[in-house]
Amino acid sequence: MEPQTQAKKHTGTPADAPNGKNKKKKKTSARGIPRPNPWIYYPASVIVRLFLRFKLKTRYDTAALKGIRGPAFVVCPHVSNIDFLLVAIALMPHRPTFIVSQHFMVNPKTRWILEQMHVIPKKMFCPDIQTILNILRAKESGNIIVLFPEGRLTCFGHSLQVTDGTAELVKKLDIPVYMISEDGAYKTFPKWGRSGFRPGRILVRAEKLLDAKAIPAMSLAEVHAALERAILHDEDKIFPDVRYRCKSPALGLDGILYKCPSCLAEFRMETDARHIHCAACGFEAELDETYRLHGAPFEHINDWYFWQESLLDLDTPLESETLLAAVGSDGNMNRNAGAGRIYMDREIIRYTGTCWGEPLEFTEKTEDIKAFPASVANHFDIYHKKQLYNLHLRPDPRAVIKWVIYLDKVTAERESTRNENPQNA
């Protein structure tokens with residue numbers, strides 16, 4: 001579903017373009033991408049700024065953004081669900097155009113506000129020419145365009161790979177590229193956490209990444225490398241001694257740490273306020289407010305996560321019962337659309353079951369899908385024929401993380417092979 005308001009008149013204000021040069025842009029923006037509704041954006045920004053500063057202890061180092069004007073392209077690591085708020089405040093008084101997952105547009109609770117923000121929806125890990133066209137229209141409208149180039153929110157505080165095609169997009173846009181990073185945002189609001197915000201420290205910092213004049217002379221590999229360096233992020237190394245205040249720091253951690261480091265049992269890990277323990281052998285570890293583990297053979301969550309990945313055997317396919325969620329005629333995601341089985345090996349992902357009361361079977365190549373956007377202990381997303389489906393695994397929805405890691409490892413293995421044998425790529 002594309003934005004409902006693309007044909008509306010440009011709502012720019014003098015604050016959006018220094019020296020009043022935005023007036024010329026208005027003539028072309030009727031067919032372009034409008035900026036966020038100012039009657040909602042600016043009042044909301046006052047509340048958001050106060051919340052971020054005083055509740056979440058957010059500070060800004062954004063001197064590099066001084067004088068920024070559209071069109072411009074901003075890339076950001078995606079470490080927390082509040083990244084959009086942090087980046088929006090960093091770019092004030094500008095009203096940027098965010099590129100967001102189509103996942104959020106099929107939720108009636110978020111769709112209305114996102115339409116008012118005139119976001120550009122993107123089908124993640126799926127060919128989507130309409131998104132590219134909308135981004136080009138946003139450029140022609142003189143907008144500041146914000147992209148999280150990993151294509152999904154990390155669940156363990158470490159950056160993921162930049163998605164294919166991002167370097168090509170930078171070359172095609174041929175406009176200045178900036179980076180905004182949200183250090184500490186993962187620890188403040190981890191994707192797996194079930195205890196709300198954890199105030200500690202957030203630093204939003206910016207840099208100018210690429211000058212528009214330099215981009216034409218750069219190769220795609222050079223642009224890609226610059227993007228990878230810009231979004232490289234490891235929250236274990238950021239503010240290591242800052243306490244992120246929380247009464248239940250470990251609650252929900254079993255959504256991403258599924259393998260016991262003592263007996264190797266899977267999906268027997270359980271959490272309470274401060275501990276993660278194995279129901280099979282009794283192993284127990286504690287997570288403190290600085291995100292350090294005590295009593296485990298790992299100091300950090302990432303160490304445990306990557307250890308699980310190292311032991312995952314790609315020669316053993318994954319298979320599970322699943323509920324299938326699909327988008328109904330009302331444009332909303334319906335969790336009860338169908339049910340069946342999902343299978344994955346190195347080469348394919350296959351669903352066999354029902355949808356809307358009719359048989360449905362589809363197969364996608366892992367080479368085409370590359371990664372699963374996922375909600376921890378809930379579901380993962382997949383597109384088939386450009387239609388979005390959610391897979392809710394049964395009987396234990398925490399198994400989602402194993403499927404995420406499996407596909408990540410398959411993709412990394414394939415990319416490594418291509419890099420070693422570029423002539424076969």
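**Briefing: a pocket, a buried helix and salt bridges**

Helix H4 (108-116) and strand S18 (387-394) each contribute at least two residues to the lining of the second largest pocket. The structure is a predicted model.

**Second largest pocket**

- The space in the second largest pocket comes to about 280 Å³.
- Its lining includes His103, Phe104, Val106, Asn107, Pro108 and Thr110.
- Met333, Ser375, Asn378, His379, Asn390 and His392 also line this pocket.
- By type, the lining residues are four nonpolar and eight polar, with no charged residue among them.

**Nonpolar surface patch**

- Val46, Ile47, Leu50 and Phe54 make a nonpolar surface patch of about 430 Å².
- Val46, one of these residues, lies in helix H2, which covers residues 38-55.
- In general, an α-helix has 3.6 residues a turn, so residues three or four places apart point the same way.

- Helix H3 is largely enclosed by the rest of the structure, because six of its eight residues are buried.
- The buried residues of H3 are Asp83, Leu86, Val87, Ala88, Ile89 and Ala90.
- His94 sits in the loop between helix H3 (83-90) and strand S3 (97-101).
- His94 counts as buried because its relative accessibility is 9%, below the 20% cut-off.
- His94 and Pro34 are separated by 60 residues in sequence and by 13 Å in space, C-alpha to C-alpha.

**Salt bridge Arg205–Asp183**

- Side chains of opposite charge can pair when their charged atoms come close.
- Arg205 and Asp183 form a salt bridge in which the closest N and O atoms are 2.6 Å apart.
- This pair links distant parts of the chain, with Arg205 in strand S7 (residues 202-210) and Asp183 in strand S6 (residues 177-183), 22 residues apart.
- Arg205 is partly exposed, at 27% relative accessibility, whereas Asp183 is buried, at 6%.

**Salt bridge Glu266–Lys402**

- Glu266 pairs with Lys402 in a salt bridge, and their closest N and O atoms are 2.7 Å apart.
- The two residues are 136 residues apart and link distant parts of the chain: Glu266 is in the loop between helix H8 (220-231) and strand S8 (269-271), and Lys402 is in helix H11 (residues 400-420).
- Glu266 has a relative accessible area of 30% and is therefore partly exposed.
- Lys402 has a relative accessible area of 15% and is therefore buried.

**Salt bridge Arg274–Glu289**

- In the salt bridge between Arg274 and Glu289, the closest N and O atoms are 3.7 Å apart.
- Arg274 lies in the loop between S8 and strand S9 (275-278), and Glu289 in the loop between strand S10 (284-287) and strand S11 (293-294), so the pair ties together parts that are 15 residues apart in sequence.
- Arg274 is partly exposed at 29% relative accessibility, while Glu289 is buried at 11%.

**Salt-bridge network**

- Salt bridges also link Asp241, Arg292 and Glu299 in a network.

How values were computed:
Residues are numbered from 1 along each chain as its sequence is written. This is a predicted model: local features need pLDDT of at least 70, side-chain atom pairs count only at pLDDT 80 or more; totals for chains, interfaces and linings use all residues. Side-chain values use heavy atoms; hydrogens and water are left out. On a 1 Å grid over the protein atoms alone, a cavity is a set of points where a 1.4 Å probe fits but cannot get out, and a pocket is an open set with protein on both sides within 12 Å along at least five of seven lines; lining residues have an atom within 4 Å of a point. Grid points are joined across faces, edges and corners, and a volume is the space filled by probe spheres set on the points. Helices (H or I, at least four residues) and strands (E, at least two) are DSSP runs, numbered from the N terminus. Ala, Val, Leu, Ile, Met, Phe, Trp, Tyr, Cys and Pro count as nonpolar, Asp, Glu, Lys and Arg as charged, and the others, Gly among them, as polar. Patches are made of residues with over 30% relative accessible area and no salt bridge: like charges are joined within 9 Å, nonpolar side chains (Val, Leu, Ile, Met, Phe, Trp, Tyr) within 5 Å. Accessible areas come from the Shrake-Rupley method with a 1.4 Å probe; for residues, only the protein chains shown count as cover. A salt bridge is a side-chain nitrogen of Lys or Arg within 4 Å of a carboxyl oxygen of Asp or Glu. Buried means under 20% relative accessible area, exposed over 50%, partly exposed in between (1.4 Å probe, protein chains only).
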